[in-house]
Structure formats: structure tokens, C-alpha cells
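This report describes one protein model for a reader who has not seen it before. Please look over the sequence and the structure before reading on.

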Amino acid sequence: MAVKNFNDVNSTKQGVANTRLFRGHSSVGRDFADSKLYDIELVKQDLLNHFNILKGEKLENPNFGTNIWLYLMDPLDDETRNAVIEDVEEIIGYDPRVEMDSIEVNDYEQGLQVKVSILYTGYGLGESMDLIFDSQQGLMAGPTQIYSSN
């Protein structure tokens, strides 16, 4: 896959100087002098942003976001567990840069714990993320583990 880094390309020389696939910005947990994100870090932040938005909150796109926040105080029976799994699968399926590998949903003190493994398309890497949906503290991302998907 040929990738151009637009900072390194001029009108006389076309080449691939860098293999960054995705480039973006985030102000979450950063100062504004360094808001750039690249590749896996950007994809992961986009997914976390998606999980932080309740369906219906995004203007002009009411189907964007998650309903997991509505299930936090419900008993974790099969119906609730399946609804959470479907919601996570929908969010992962929304982003073409990742694929679902596995998912596990558990009770948590003040909410739900979702352990999800995703595969980053085009990188040959996967990541296991521990997402905690807490009714008091919001979304917390626990420790992650990156692994080879080959």
C-alpha cells in the first residue's frame, strides 16, 4: 500500500517518505501545542470518542454513539449483555480502520466493564482494551495490550 506523507511531497518529487496512514488532532488530555495524533493512537481516540457519546447527542447524526450508558444500572442478564455486545459490534463496525476480534461484558461496581479486542486494518496488530463505563466517573480506559494479529 503506497502512502504519501503530504508534508514531504513537493511538485517535482513524488515519493513515500513516511508510512503514517492516518493523521488527526485531539485535545483530550493534551495541551494545544501538541494536539496531533497518528495511526493507531488516532484510531483508538476516535473509538473512545464514539463510546463517550450517547446516541442522539450528536447533531445531524442521531444514530452515532452508544446506548451502553443507558444500561449501567440494569441487571446484567442475557438481554442486557446482548444489547451491550451489539452496541460494541456496531461501533467497531462503523470504523473501517478496525475489526472486532473478541468481546467480553462483565459487571462493574458502578457500571459495566467491556473487554474488547480489535484488529487494526493494515497494521498486522491487534489491541485488547479494557473499557469501564462508570456511572460516577464516566468512561475509563484500563490497561491495554497490543499484540500481533498474524
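Strands S3 and S4 are joined by a hairpin of two residues; strands here are DSSP runs of E with at least two residues, helices are runs of H or I with at least four, and both are numbered from the N terminus. S3 and S4 run antiparallel and are joined by ten bridges, where two strands count as paired if DSSP finds at least two bridges between them. Within this pair, Ile 103 has Val 116 in S4 as its bridge partner.

The model is predicted, so local features need pLDDT of at least 70 and side-chain atom pairs count only at pLDDT 80 or more, while totals for chains, interfaces and linings use all residues. Residues are numbered from 1 along each chain as its sequence is written, and side-chain values use heavy atoms, with hydrogens and water left out.

**Overall layout**

The protein has two helices and seven strands, in the order β-β-α-α-β-β-β-β-β along the sequence. Of its 150 residues, 33% are buried; buried means under 20% relative accessible area, exposed means over 50%, and partly exposed lies in between, with a 1.4 Å probe and protein chains only. Among contacts with a separation of 6 or more, 33% are between residues 24 or more positions apart, a contact being heavy atoms within 4.5 Å.

S5 covers residues 125–134, and eight of its ten residues are buried.

| Strand paired with S5 | Bridges | Sense |
|---|---|---|
| S4 | ten bridges | antiparallel |
| S6 (residues 138–141) | four bridges | antiparallel |
| S7 (residues 145–148) | four bridges | antiparallel |

The hairpin of S4 and S5 has four residues between the strands, and Gly 122 there takes a positive phi near 90 degrees. A hairpin through three residues joins S5 to S6. Individual positions show how these strands line up. Val 114 stands opposite Leu 131 in S5, Ile 132 has Met 140 in S6 as its bridge partner, and Leu 125 is bridged to Ser 148 in S7.

In soluble globular proteins, nonpolar side chains tend to be buried together. Here the largest nonpolar core has 24 residues, and those touching the most other members are Phe 51, Val 88, Val 114, Ile 118, Leu 131 and Phe 133. Helix H1 (39–52), helix H2 (78–94), S3 (98–108), S4 (111–120) and S5 each supply at least two residues of this core. Such a core is a set of buried Ala, Val, Leu, Ile, Met, Phe, Trp, Tyr and Cys residues joined through side-chain atoms within 4.5 Å.

Leaving aside neighbours within four places in sequence, the contacts of Val 114 include Val 84, Val 88, Ile 103, Leu 131 and Phe 133. Ile 85, in helix H2, touches Ile 103 and Val 105 when residues up to four places away are not counted. The C-alpha atoms of Ile 85 and Val 114 are 8.7 Å apart, although 29 residues separate the two in sequence.

**Charged residues**

The model has five salt bridges, each a side-chain nitrogen of Lys or Arg within 4 Å of a carboxyl oxygen of Asp or Glu. One of them joins Lys 44 and Glu 127 at 3.2 Å, N to O. This pair links helix H1 to strand S5 across 83 residues, and both Lys 44 and Glu 127 are buried.

Arg 97 meets Asp 46 at 2.7 Å, N to O, in another salt bridge. Arg 97 is in the loop between H2 and S3, and Asp 46 is in helix H1, 51 residues apart. Arg 97 is buried, with a relative accessible area of 15%, whereas Asp 46 counts as partly exposed because its relative accessibility is 30%. Arg 97 also meets Asp 95, at 2.8 Å, N to O, and Asp 95 is buried as well. Salt bridges that share partners join Asp 46, Asp 95 and Arg 97 into one network.

A polar atom of the Asp 134 side chain lies 2.7 Å from the backbone nitrogen of Gln 136. Beyond four places in sequence, Asp 134 touches Trp 69, Leu 72, Tyr 108, Gln 110 and Met 140.

Key: Polar contact = N/O pair within 3.5 Å; in protein donor to acceptor, adjacent residues only side chain to side chain.
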